[in-house]
Amino acid sequence: MVLSPSPSEAAAIAGDLVVQPSPASSAVLPLAHRPRRLRRTEGLRRMVRETVLTVADLIYPMFVMEGRGQRQEVPSMPGCYRYSLDLLLEEIREVVGLGIGAIALFPLIPDAQKDNAGTESYNPTGLIPQAVRAIKQAFPQLLVITDVALDPYSSMGHDGIVEDGEILNDETVAVLVKQALAHAEAGADMVAPSDMMDGRIGAIRQALDAEGWINVGILAYSAKYASAYYGPFRDALESAPKFGDKKTYQMDPANAAEALKEVDLDIAEGADIVMVKPALAYLDIIHRIKQYTNLPVAAYNVSGEYAMVKAAAAQGWIDEQTVMLETLTSIKRAGADVILTYFAKEVARVLSGER
Ligand code: PBG
């Protein structure tokens, strides 16, 4: 016998919120709590949702290169491009139109301009200062965050000056300070030291203040791990180390207590926001740091994390949009207030209902 649904059953099937009559059947267990009650309809799920990703959480990392009319896709980062400044400005128009409020800028520097001391990194008319000036002029409301580190400018592909196979700390900090000042001078809203030299946050804060840039913020890559997830980014900037690895300055992936030590130092030295990088393999670190400090916490959903999703989706093995949202929601749930992600445009489109 086929029973047609009663009006209340039909409404429940349609997803409406209806109060069910208590069933008389003896098969009903005497359960005080039925968590599934709150999962029954999208309306209920939405009402009790604990973590909501918004476009205001996002910072979009972008790659800039010399020249005109250049737009080169990064092979290991489908959907991400290196742009010459003219086309970057067009792209930023779209980014701003999507409601994204902040970008992080990274430069592709020609080999001829690279040296061991990263001299080009503090050229006041170099690629990044030029780009910052043009962007802030065209889009004054957009937050422009610049990366402070030597690797894109280093002939060695390291984040510091190399001597006898070692990365010099204090000599590198002196260069980073000049780089941060050049970015502030150009109009950067925040500088983001990603080099992991000791003492650089304090040195940069002091120098910025001494030069009158008291309102230029510091987004500190505090817990930055020596990670293989940066591979595609190094393709994008042609910045892979020419020898060795970055383990003498970036953190050991096995360490968590040390992340709190790094955060402590950066806060004491004047960081405005502390960052964990990468994000996905370090959700526990994000969580600990969020509980540890009342500063905003940022997380970098890095190039390798992006590339993995893109690659699996291209094979048809996962659903890209759902995995993207699940991943970013997990990073926020872990404690990130701010997320740097190459998915920013796609997220903005989904959240605005455009896709
Ligand atoms: C450079 C820097 C790196 C990233 C951001 N800034 C690479 C590195 O440390 O080797 C990686 C970002 C990404 O993988 O998306 N200091």
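1. In this predicted model, a residue is called buried when its relative accessible area is under 20%, exposed when that value is over 50%, and partly exposed in between. Lys114, with a relative accessible area of 10%, is therefore buried, whereas Asp111 is exposed at 57%; the two residues form a salt bridge in which the closest N and O atoms are 3.8 Å apart.

2. The count of salt bridges comes to 19. Among them is the pair of Asp86 and Arg68, whose closest N and O atoms are 3.9 Å apart. This pair links distant parts of the chain, since Asp86 belongs to helix α3 (residues 85-97) and Arg68 to the loop between β1 (58-65) and β2 (71-73), 18 residues apart. Arg68 is exposed, its relative accessible area being 66%.

3. Lys136 and Asp189 also meet through their side chains in a salt bridge, at 2.7 Å from N to O. Because Lys136 lies in helix α4 (residues 127-138) and Asp189 in the loop between α5 (170-186) and β8 (190-193), the pair ties together parts that are 53 residues apart in sequence. Lys136 counts as buried at 17% relative accessibility, while Asp189 is partly exposed at 22%.

4. Salt bridges that share partners join Glu91, Glu94, Lys345, Arg349 and Glu354 into one network. Within this group, Arg349 sits in helix α12 (residues 344-351) and is buried, with a relative accessible area of 14%. Apart from neighbours within four places in sequence, Arg349 is in contact with Glu94, Leu98, Glu354 and Arg355.

5. Glu163, Asp164, Glu166, Asp170, Glu171 and Asp198 form a negative surface patch. Glu163 is placed in strand β6 (residues 161-163) and counts as partly exposed, at 46% relative accessibility.

Definitions and conventions
Residues numbered from 1 in each chain as written. Predicted model: local features only at pLDDT ≥ 70, side-chain atom pairs only at ≥ 80, totals over all residues. Heavy atoms only, no water. Patch = residues over 30% accessible without salt bridge, like charges linked within 9 Å, V, L, I, M, F, W, Y side chains within 5 Å. Areas by Shrake-Rupley, 256 points an atom, 1.4 Å probe, with all protein chains shown as cover. Salt bridge = Lys/Arg side-chain N within 4 Å of Asp/Glu carboxyl O. Lys, Arg positive; Asp, Glu negative; His and termini not counted. Charge placed at Lys NZ, Arg CZ, Asp CG, Glu CD. Helix = DSSP H or I, 4+ residues; strand = E, 2+ residues; numbered from the N terminus. Buried < 20%, exposed > 50% of the residue type's maximum accessible area, 1.4 Å probe, protein only. Contact = heavy atoms within 4.5 Å.
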